[in-house]
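Colleague: I would like to go through this structure with you. Could we begin with how burial is judged?

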Amino acid sequence: MYLYNSLSHKKELFVPNDPSLVKMYTCGPTVYHYAHIGNLRTYIMEDILEKSLRYMGYPVKRVMNITDVGHLASDADTGEDKMVKGAKREHKSVMDVAKFYTDAFFADCDKLNIKRPDVVEPATNCIDNYIHMVKTLLEKGSAYLAGGNVYFDTSTLEKYYVFNDHDEEDLAVGVREGVEEDTNKRNKNDFVLWFTKSKFEDQALKWDSPWGVGYPGWHIECSCISMKHLGEYLDIHAGGIDNAFPHHTNEIAQSESYLGHKWCNYWFHVHHLNNESGKMSKSKGEFLTVSLLEEKGYDPMAYRLFCLQSHYRRNLVFSWENLDNAAVAYDKLIAKIAALKPEGEEVEQDAFDKLKERFMGALNGDLNTSLAVTAVYDVLKAKCSDATKVAALRDFDQVLSLNLLEAAEKLRKKNAEEEAANADPEIDALVAARTEAKKAKNFAEADRIRDELKARGIEIIDTPQGAKWRKV
Ligand code: AMP
Ligand code: ZN
């Protein structure tokens, strides 16, 4: 499988350290508010990556953190802790806010068929791990104490900006205008490993440490949680593109200084969902959630399809019109699948293999999900038995997770129920009598029956499968 690696700035053949277990880490949500559909684009594409690896035959262990402390309003180390902000907004405790939005996040993931990672670890569970790493970094001379906080010293590194092919604009995301520089820092890019002094003294959660009572920085959480569950060598680390700097850059700096060797081989970054006025973000106030899409009548699967129709390394523009198009495409796709009649047919292995090859080719080429969706339409157009088509769709949906067969089955049932609810033997008999009259060339009688039905509010529709009727 070829994947674009942000570290080498090119597409590379994916070769895990140990093919018997691919180790994958993905940055989790900061649980101070609902996830917006932009956040969820990132989680959908990470889900596709994980499922593609499994589909290719690799066992995968995937770990994700839940950020419930330390993520400040700016991705750099300034501003108030987002969790404290959330707790104030809702007049609840930080832990109550964390629980509520963690549950809400996984409920959204369920609606979008995003699989839960094998390990989900709240950041507040791992305080001892952070203290151990910070201690080691201090001992190694990679960190220093200043003004009560512990900082990572970026001047000890040969290269700090590892992801330097990103746009200036993306690199600037974490640094807000009007934020004062922290005068304790020796170098501009140094970042906090452990806070004991911040401008915000009302930090809700604090722990004892060798440097005083305080709390961890956001970046160290992901390094430690990853190492706790996946060890010293990581295959893939994923997140949204805004995480590349400073978050992932800082993760690499501290992890590799701590370990003394390379930490992670592949970095997978999902580009942003933008609305017409720019990047979708929670700090701008209004944002779209899955529940809101549902309230407006959209099936979450339409949003998943919308995301899959574009490549993860391109920004995706959200508009209601674009979502409507995806919703119509999804309904049409499901209707076509519902019309398949595989009963009593054989799966034609050669035809199945050819269809699968096309689908695999799409995933192998840097997770080209729009081509993978095209491969679904190719199945429907293919010259092979419906049983082969159903088998291929079932196979592809292990990765796409669009509920292709389940939604088609539901639609079939709904249509059958509607037909049954509308059944009327008397009208059926009249329609049959009209058909007979037409056959016998008794057109006067056929017209009379049609007029009688019309007067009763029934319209006859002649179709290739025979005459049908509906109430008008
Ligand atoms: P957060 O909960 O803010 O820590 O973000 C969760 C994930 O969503 C991170 O991986 C972010 O990089 C990602 N993310 C944030 N905004 C967007 C966006 N507009 N489009 C796609 N991903 C995003
Ligand atoms: Zn992270």
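Modeller: A residue counts as buried when its relative accessible area is under 20%. Please note that the model is a predicted one.

Colleague: Is Asp378 buried or exposed, then?

Modeller: Asp378 has 19% relative accessibility, so it counts as buried. Asp378 belongs to helix H12, residues 369–381.

Colleague: Which residues is Asp378 in contact with, leaving aside neighbours within four places in sequence?

Modeller: Those contacts are with Leu355 and Arg358.

Colleague: Turning to the metal, what are the protein donors of the zinc ion (ligand 2)?

Modeller: The donors are Cys27 (SG), Cys222 (SG) and His247 (NE2), at 2.0 to 2.1 Å from the zinc ion. Cys27 lies in the loop between strand S3 and helix H1, and Cys222 in helix H6, so the pair ties together parts that are 195 residues apart in sequence. Both Cys27 and Cys222 are buried.

Colleague: And how many aromatic pairs are there in the whole structure?

Modeller: The search finds 23. Among them is Tyr34 with Phe100, edge-to-face, at 6.1 Å centre to centre and 70° between the planes. Tyr34 is in the loop between S3 and H1 and Phe100 in helix H3, 66 residues apart.

Colleague: Which residues form one aromatic cluster?

Modeller: Tyr298, Tyr303, Phe306, Phe318 and Trp320 do. Lys296 lies over the face of Trp320, at 5.1 Å from the ring centre.

Methods: Residues numbered from 1 in each chain as written. Chains lettered and ligands numbered in written order. Predicted model: local features only at pLDDT ≥ 70, side-chain atom pairs only at ≥ 80, totals over all residues. Heavy atoms only, no water. Helix = DSSP H or I, 4+ residues; strand = E, 2+ residues; numbered from the N terminus. Buried < 20%, exposed > 50% of the residue type's maximum accessible area, 1.4 Å probe, protein only. Contact = heavy atoms within 4.5 Å. Donors = N, O, S within 2.8 Å, 3.2 Å for Na, K, Ca; no water. Phe/Tyr/Trp six-rings, centres within 6.5 Å; stacked < 30°, edge-to-face > 60°. Lys NZ or Arg CZ within 6 Å of the ring centre and 35° of its normal.
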